[in-house]
Amino acid sequence: MRIVRTRDWSRPAAGSAIALEVGAILDDVNEGGDAAVLSLTERFDHAELGPEQLRVDPGELEASVGVLEPAVLSALRTAIANVRAVAAAQLREPLDVELEQGQRVEVVEVPVRRAAVYVPAGRAPYPSTVVMGAATARAAGVEEVVVCAPPGPGGRANPVILAACVLCEVHEVFRMGGAQAIAALAYGTESVPPVDVIVGPGNPYVQEAKRQLVGLVGIDGIAGPSELAVVASSGADPELVALDLMAQAEHGADSPVWCLSPDAGLLDAVDAAVRRLAPERPSVTDAEAQLVETDDVRGAIRMADEIAPEHLQLIGEEAEALADRVRNAGCLFVGAGAATAFGDYVAGSNHVLPTGGAARFQSALSPATFRRRMARVSLPPEAASRLAPAGAALARAEGFPVHAESMERRA
């Protein structure tokens, strides 16, 4: 793991030349349906599937739970229970407002009917992504939750992914990945009914496909490489900070990690800990950590807000005391015990988070991602009479006389 010492932060340059290629993939699936998805799966995932193999058989799904190691099964149950509990606590009751002219406006939340969770391939299977997406969608009241994941060698679906789907009460699972999977979910094919919302992380092809299909379907956001900023003050354990930076760097060499601190001695100790520990941990050897010295802890918090990282940790008494000053972070972890890794798996918070500075305006995946607000308006005759003059005046000012007439007839 490489170390960069600096007085300011930087984010790895982002750039993509894949938009045209993704557009062509979307067109192929829109026109060719299942046949295009299967052809692209063979091309990109090196897996030959027959048309009947695109959807995972229910029998294969049910059998997957029985092959899990007991510790993994128990861990999945813990993660699902905690994510469901936090998600359920966010559901809102209908809001009923009666206004002075006599009309009533009731605001209700309605779940989408069908949602999909994309589970990427990577260094290992990601059952935690199934949990974060599917458990939250089910808590939101989504009727049909589907999961898609790239097939492995020989076209096999990973049994840990399948077991997580069973435990989360997923409706259907499809062996497909990449931009072609996003296209199939958005447009629909012979085997894949279209969905209303698509969520989940993925490579640049997957994210570009989601971006191009916004408007046809809802999405959670455009996810970039995972990232972590740690604001550390005196008293922080440098080895814990080093482990947290390295843990996040396991996501890939393009995952930015920062440690911000006014304590030069602490940064030296973190530097030394990373250099000592990283060689023994090959999963992080190709990553880079930026150690940034700031003027004071408040300056470190301000810099973290400027970064707006996916994950932000505050470690050290002085840093932890400033938690309420943080505005821009996908998820905030406060205290030495609150490692970001807990949030990735079992804390109950969601690990599908805004990246690349999007935490300035975007939230974590939640039931709100799968629900839409709808107003129900009731106007008794007396309310219509009171509102029609004002409504008609505005309508005529905008050049819509029939709007005015529609309201005045009710009066």
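There are zero disulfides here, a disulfide being a pair of cysteine sulfur atoms within 2.5 Å. Cys148 takes part in none, its nearest cysteine sulfur being that of Cys165. For Cys165, the closest cysteine sulfur belongs to Cys168 and is too far for a bond. The table gives the distances.

| Cysteine | Nearest cysteine sulfur | Distance |
|---|---|---|
| Cys148 | Cys165 | 9.9 Å |
| Cys165 | Cys168 | 7.2 Å |

Cys148 is buried, at 1% relative accessible area, and Cys165 is buried at 1% too. Buried means under 20% relative accessible area, computed with a 1.4 Å probe on protein chains only.

As for the source, this is a predicted model: local features need pLDDT of at least 70, side-chain atom pairs count only at pLDDT 80 or more, and totals for chains, interfaces and linings use all residues. Residues are numbered from 1 along each chain as its sequence is written, and side-chain values use heavy atoms, without hydrogens and water.

Now to helix α8, which spans residues 204–213 and buries Val206, Gln207, Glu208, Ala209, Lys210 and Leu213. Helices are DSSP runs of H or I with at least four residues, and strands are E runs of at least two, numbered from the N terminus. The buried residues of α8 pack against the helices α1 (19–32) and α7 (178–187), and against the strands β4 (114–118), β7 (197–199) and β8 (218–219); contact means heavy atoms within 4.5 Å. At the N-terminal end, Asn203 caps α8, with a side-chain oxygen 3.0 Å from the backbone nitrogen of Tyr205. After α8 comes Gly215, with a positive phi near 110°.

Notes: Buried means under 20% relative accessible area, exposed over 50%, partly exposed in between (1.4 Å probe, protein chains only). A polar contact is a pair of N or O atoms within 3.5 Å; within protein, one must be able to donate a hydrogen and the other to accept it, and residues adjacent in sequence count only if both atoms are side-chain atoms.
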